[in-house]
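Morning, everyone. Please have a look at the model on the screen, and then I'll walk you through it.

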Amino acid sequence: MSRNYSELTGRIAGRGADAWLIHAQAKDAAQRGEDVIVLSVGDPDLDTPTVIAERAIAAIRAGDTHYTPVIGRPGLRAAVAERQARLAGQRVGAEHVACCSGAQNALYFAVSCLVSPGDRVAVIEPAYVTYPATVEQTGAVIDYVTASAEAGFRLEVDALAAAIRPETRAIVLANPNNPTGVVLNRDELSAIYAIAEQHDLWIISDEVYGDLVYDGAFIPMGALEETPDRVITVGSLSKSHAMTGWRSGWTIGPPAFTDHVERLSLAMLYGMPGFVMEAAEAALREAADTPAEMTAIYHRRSRLAMQALDGAPGLDAKAPAAGMFMMIDVRGVGFTSQAFVERLYRETGVSVLDGGAFGPPTDGFVRLSFAASEATILEGCRRIRRFAETHAPAVDGGRIAS
Ligand SMILES: Cc1ncc(COP(=O)(O)O)c(C=O)c1O
């Protein structure tokens, strides 16, 4: 008997899956104790602060191991709303907040509640690797809007306007961006919002790196609305509090949207673990300084990596303004970014991620993560530099010889 799987399984099998092959090999090798340096993933090497972990442990000991309100506990929803009010100046309450299992789950909930088969969704690219499957699982079609390397990976607003069609329902973006670390400024946010208003679109603003901005200020998209209306803010504690494994995130949107998320969550998640929500509330209320501390650490690491790669032949590292990644243009070495990643790992044991996984604009770039100690980053950069010195074409009179 032949077994058929759903159409959805085809829609979630898109690009991005192969990007992790070298990373997976490197992780396995590291576990076997081999001499590898894993700079390919955005999972903080830092520990979740003790006050947060202790709250979860205490909650488990106290028997907080039962079903919970599907939409999230009132205390956590209120804490997320207070954070949003503080950051975005929005009038928000618990009724605007749905607690989810990480920003990834929040993104899935958001698109599932906002777009239908045949709709179109404008996605700003470079785009985080899960976006294609997350959007396309709905049956909607993506129109990618390029933020090109030549434009410093900044969005050209005319390109967004040109991508909007009658069937477009939503704009999806990450601000700050993964992988480029670009942070949108107020003019860019206003221009995007004006396009959404003109065409009556939703904006799904993924702000998981919003707490990790080290160059300039972070303005949430929600700051453009007095109270949530067309902007759905997606956030989590994964990066800001080194809590990737806790799976704690949220959506912030109009109450009617939040009701839909609740019904979807009932069918899909059935609520977050109570002890995780207790820990998450402790993160927001009692570890409010943690994001600033982590930002300082990532900023310092980014400067170290920039210095360590400065002047390396064929490489052009771009200083990020936020987040935990740095993009390196490797085209001058003479390989595709995919070949660069494979050969770098084979020859030096350093794993980085092929920028092509985030879309054509970052083809030719690799993404280096700062989720490792300074010593590890420095050793990784030393090996990358040596690799570039070995393979980059000889420079003759300031020009790369052919
Ligand atoms: C841009 C972006 N959005 C969402 C996520 C998922 O975050 P979470 O761990 O909260 O699901 C990530 C994780 O790396 C990310 O980089």
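First, a term: helices (H or I, at least four residues) and strands (E, at least two) are DSSP runs, numbered from the N terminus. Residues are numbered from 1 along each chain as its sequence is written. This is a predicted model, so local features need pLDDT of at least 70 and side-chain atom pairs count only at pLDDT 80 or more, while totals for chains, interfaces and linings use all residues.

Start with helix 5, residues 102-114. From first C-alpha to last, its 13 residues reach 19 Å. That is close to the expected 18 Å, where the expected span is 1.5 Å times one less than the number of residues.

Is helix 5 mostly covered or uncovered? Covered: eleven of its 13 residues are buried. Buried means 20 or more other C-beta atoms within 10 Å of the residue's own, with C-beta atoms placed from the backbone. Among them are Tyr108, Phe109 and Cys113.

Now the ligand. In its shell are 13 residues, and Gly102, Ala103, Gln104, Ser236 and Ser238 are the closest. A residue counts as near if its C-beta atom, placed from the backbone, lies within 6 Å. Helix 5 gives the largest share of that shell, three residues.

Strands pair if DSSP finds at least two bridges between them.

Last, strands 5 and 6 run parallel, joined by five bridges. Leu173 has Ser205 in strand 6 as its bridge partner.

Definitions and conventions: A residue is buried if 20 or more other C-beta atoms lie within 10 Å of its own, exposed if 12 or fewer, and partly exposed in between; C-beta atoms are placed from the backbone.
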